[in-house]
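Hi everyone, thanks for coming. Please bring up the viewer, and let's walk through this one together.

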Amino acid sequence: MSTVEKFVNQDGVIHAKSVVVRFAGDSGDGMQLTGNNFTEATAIYGNDLATFPDFPAEIRAPAGATFGVSAFQIYFGAEDVTTAGDDVDVLVVMNPAALITNLKDLLSGGLILVDAGAFTDKNMNRAGYKTNPLEDGSLDAYRVMAIDITKQAVEAVKDFGLSHRFAVRCKNMWTLGLVMWLFDRNRDATIDGLEKKFAARPEIAKANIAALNAGHAYGETAELPSGVEIYMVPRADVEPGLYRNTTGTEALAYGLLAGSQLSGLPLTFASYPITPASSLLHTLSALKEFEVITFQAEDEIAAACAAIGASFAGSLGVTSSSGPGISLKGEAISLACATELPLLVINTQRAGPSTGLPTKPEQSDLNQALFGRHADTMVPVIAASTSVDCFEVAIEAIRLATRFMTPVILLSDAYLANASEPWHLPDINTYEPFPVTHATDPDGFTPANRDASTLARVWAKPGTPGLEHRIGGIEKDFASGDISYDSDNHQKMTTLRKAKIDGIAQFIPEQSITLGAPGGKLAVVGWGSTHGAIHQAVKHCRQQDMDVSHIHVRHLMPLPTNLGDLLKTYDRILVPEMNTGQFVAVLRSKYLIDAQPLNKVSGQPFKIREIEAAIKVQLEGVSR
Amino acid sequence: MNASAQPLTIKDFTSDQEVRWCPGCGDYAILKTIQKLMPKINQPKENIVFVSGIGCSSRFPYHMNTYGFHTIHGRAAAIATGVKLTNPALDVWVITGDGDGLSIGGNHMTHLLRRNVNLQILLFNNEIYGLTKGQYSPTSKTGTQSPSTPDGSVDAPLRPCSFALGAGAKFVARTIDTETQQMAPVMLRAHEHKGASFVEIYQNCPVYNDGVFEYIKDKKSAADTRLVLEDGKPLTFGADNQRGIRLNPKRLALEIVTLGEDGVTEADLLVHDEGNMVLAQMLADLKAPAFPEPLGILYCDPMAPEFVDGVYQQRQAVRDKKPPADLNALLRSGHTWQVD
């Protein structure tokens, strides 16, 4: 897509509105680090950007194996960028396996920067090449820059006395230097980062910096093949302010701390390691100066239960996992429903079922979040739509959990968790606090007392004199909170629990139109991480005068009160999801509308053009 | 607070909830002992929390006029850990049974003991599933006939005290439901101990497993079937304490001897040492009818580090080195850039 927006000037410089670069290599080649450094330099340069790290589940797959290829994609440009891009303009590959697995995404005419030194017979054989693709003409449709990067890097660091193994490892920084030259990026931030990272081993820092500079110098001085020019990508016109890059995981962690501060409640974060959710545990564990206790429990069930115990004791219990782990927490979530204790359950979704594709994103746990427990146990469900949005959604989840004394499920996914984007940093002092008060007055106290408007049960924490009481999973009497097997009471309590969650709809914002206008031929309705792709697709279509709007839903349970009426103002509804059609089924059953699914479960996010194509099909259907 | 100077009594700890255990259930006796004990433990009532799982014994918190949480099957240990992590000042008692604590909740029990979280675990062992109507449990003797094992169970039972020691428990004791005089001091010691205190209580289920502990409960034979442990005292039992436990060094096993026979004197007997883990493991392994079964404190290591203390100490150490928490500063940490 970006090729149509660029042209080569007479000065031999490629002027492009936007560019997609993908770094790909062995999982041990340091591609994620390379990508992150390039991202930082690009952000500082002033482009808008989005990134997508795509790495294998294996930590160190055998060298040269196709299943061990780790990739990092960045899309940057002069206009608003909300996805990591459809097609690749520049593909950086460190070995044959990376080339064979990534070439399909490279645009015709795209640039391949390749470490020719890694194209040994053994590596090519392992990747499945019968002949050398650098020599057999199979890459003629592309521009190829084949350099023996390994040799160049080893040469660049020879003065630092590194072992050959360490010297070879510097090839990612050499490559980064060359790519930075290609895009006119500044190396200072990377150099700072290397000096900090290797502060204890200055010779490693110096070698990596030397490799970085050598790669850059190579671009400046070497005679490059024709067709290889510097890219100029104008700065984006972004809102003034202070920015940083953030992944969804970081923003979510900070959002939890923000929610803690705004509610005045300490957090007890209990979790069990699982990909791709563990990094949230890691992040919070390193922030002990904040009011958060982290606990790596013995299993998923214990993590959920420890969080419930924490809420019982008066802090906010938070537990985090991915789909399979959430399954294990199901019984505990229902206990929190029955006892009406606040609990935040974070699901960083991954492709399933079962172990599935642990590092790849999917949105297939929506049904689990909405319905995946025994009995009538409705819980509020909200979803983050971008990495930055994770911050806001975490605060909102804590607000709901504490105000309504209920478990809340927050849905993120493997894409949001790892993808990064620039974040216009908010000022926490501008957020409305929602202080939580625990009961202290014994006069008229029962554990069944509740707020008349929210129906939230009173929260009395152990240690409070005169409020000694018992709660538990057995049905409780509506008035006294004592255990009750009375049939009418159970009916009443079940109705009450449902009414409490339904009633939350009165306390959340009405659904707005994300892009477009009320009423018309087509609304594309999304939730979660499909936001970026839908936004771009709808924007492009609207630029082509198509009558289509984008509606992105954050609150999935309960749904905003006006959503049904809003959707009924469009002739057609299209619901793209990274599952086999879960939210579309909710919309169809709840509003009796003929919403149409667009599904993708390949472990990869939607491409913009896939959604654009589906929009066009829908609009053709309208006009016929 | 117990602001009123009036000392608390058993009535202060008795809730208004009707007790629903079967007539004759051993749980009544345990409840009464614990209720009586509460005024003696020197804790404000509002700081006491009973946490239970599922099963007959797990109804216990409803009858204590303290804070209480009747949770889900097997998970009391995990929930109690969350309570202590959040408020270490609370005095937490975990009430569980052989099925709840050692079958469905065995994993959590293992880790609660290993971590040494400062609370008391009372494991009511009746060697049967009561509330689900009589199925055999992980502590049932091999051959136990039950609705799910009409021809007798074929699997070997688990020994709770051996299990606890194996998991790394730092306080392990055993008592009997109706033996208030023996139970109360054990409970006081369990409460005093800083760490996870594991107390196995032999508890009779008169409906599904009646008399399973009669061999040790029966007062008439008690002298021969009970090995009452006292720290620093020789391991003796029997009428007039004429019999004792000796280590056979060749077999590395305990054996029963009679004082005065074959030249055996008290000096030959093992002396109970609560701090001796190897001895504790050997004692936990003694089974009737070949041996008397130990009652009292098998093992106590008061010096072992406690988990929640460790968590808070580590947090304090970090806080001592870092500037105070500032969310805006955190957001602005790392590389930032200004767009004008």
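Let's start with A:Asp594, which is exposed, with a relative accessible area of 54%. For that word, and for its relatives, the cut-offs are these: buried is under 20% relative accessible area, exposed is over 50%, and partly exposed is in between, with a 1.4 Å probe and protein chains only. The side chain of A:Asp594 meets that of A:Arg588 in a salt bridge, 2.8 Å from N to O. By salt bridge I mean a side-chain nitrogen of Lys or Arg within 4 Å of a carboxyl oxygen of Asp or Glu. A:Arg588 has a relative accessible area of 34%, so this residue is partly exposed.

Before going on, a word on the model. It is a predicted one, where local features need pLDDT of at least 70 and side-chain atom pairs count only at pLDDT 80 or more, while totals for chains, interfaces and linings use all residues. Residues are numbered from 1 along each chain as its sequence is written, chains are lettered from A and ligands numbered from 1 in the order in which they are written, and side-chain values use heavy atoms, with hydrogens and water left out.

Back to salt bridges. How many does a search of the whole structure find? Over all chains, the search finds 34 salt bridges. One of them joins A:Lys498 to A:Asp502, with the closest N and O atoms 2.6 Å apart. Both residues lie in helix H16 of chain A, residues 487-503, and they are 4 residues apart, about one turn of the helix. Helices (H or I, at least four residues) and strands (E, at least two) are DSSP runs, numbered from the N terminus. A:Lys498 is partly exposed at 43% relative accessibility, and A:Asp502 is partly exposed at 33%. Elsewhere in chain A, a network of salt bridges links A:Arg22, A:Lys104 and A:Asp105.

Now please turn to chain B. B:Glu274 forms a salt bridge with B:Arg189, and the closest N and O atoms are 2.8 Å apart. B:Glu274 sits in the loop between strand E10 (253-258) and helix H9 (277-284) of chain B, and B:Arg189 sits in helix H6 (residues 180-192) of chain B, so the pair ties together parts that are 85 residues apart in sequence. Is B:Glu274 buried or exposed? With 9% relative accessibility, B:Glu274 counts as buried, whereas B:Arg189, at 26%, counts as partly exposed.

Chain B as a whole has 11 helices and 12 strands. Its C-alpha trace spans about 95 × 50 × 50 Å along its principal axes. Of the 340 residues in chain B, 56% are buried.

Next, where the two chains meet. The contact, meaning heavy atoms within 4.5 Å, takes 71 residues from chain A and 58 residues from chain B. The size of an interface is often given as the accessible area lost when the parts come together. Here the area buried between chain A and chain B is about 5,600 Å², and carbon and sulfur atoms give 63% of that. Buried area is the accessible area (1.4 Å probe) that two parts lose on being put together, summed over both. Which three residues supply more than any other three of the area that chain A buries against chain B? They are A:Lys288, A:Glu298 and A:Arg470, with 13%.

Salt bridges turn up here too: the rule finds 3 across the interface of chain A and chain B. A:Glu291 forms a salt bridge with B:Arg319, with 3.1 Å between the closest N and O atoms. Helix H11 of chain A (residues 300-312) gives the largest share of the side of chain A that touches chain B, 8 residues.

Strands also cross between the chains. Strand E17 of chain A (residues 420-424) is mostly covered, with 4 of its 5 residues buried.

One last stop: A:Ser271, in strand E11 (residues 267-271) of chain A. A:Ser271 counts as buried because its relative accessibility is 1%. Leaving aside neighbours within four places in sequence, A:Ser271 is in contact with residues including A:Leu281, A:Phe295 and A:Ser320.
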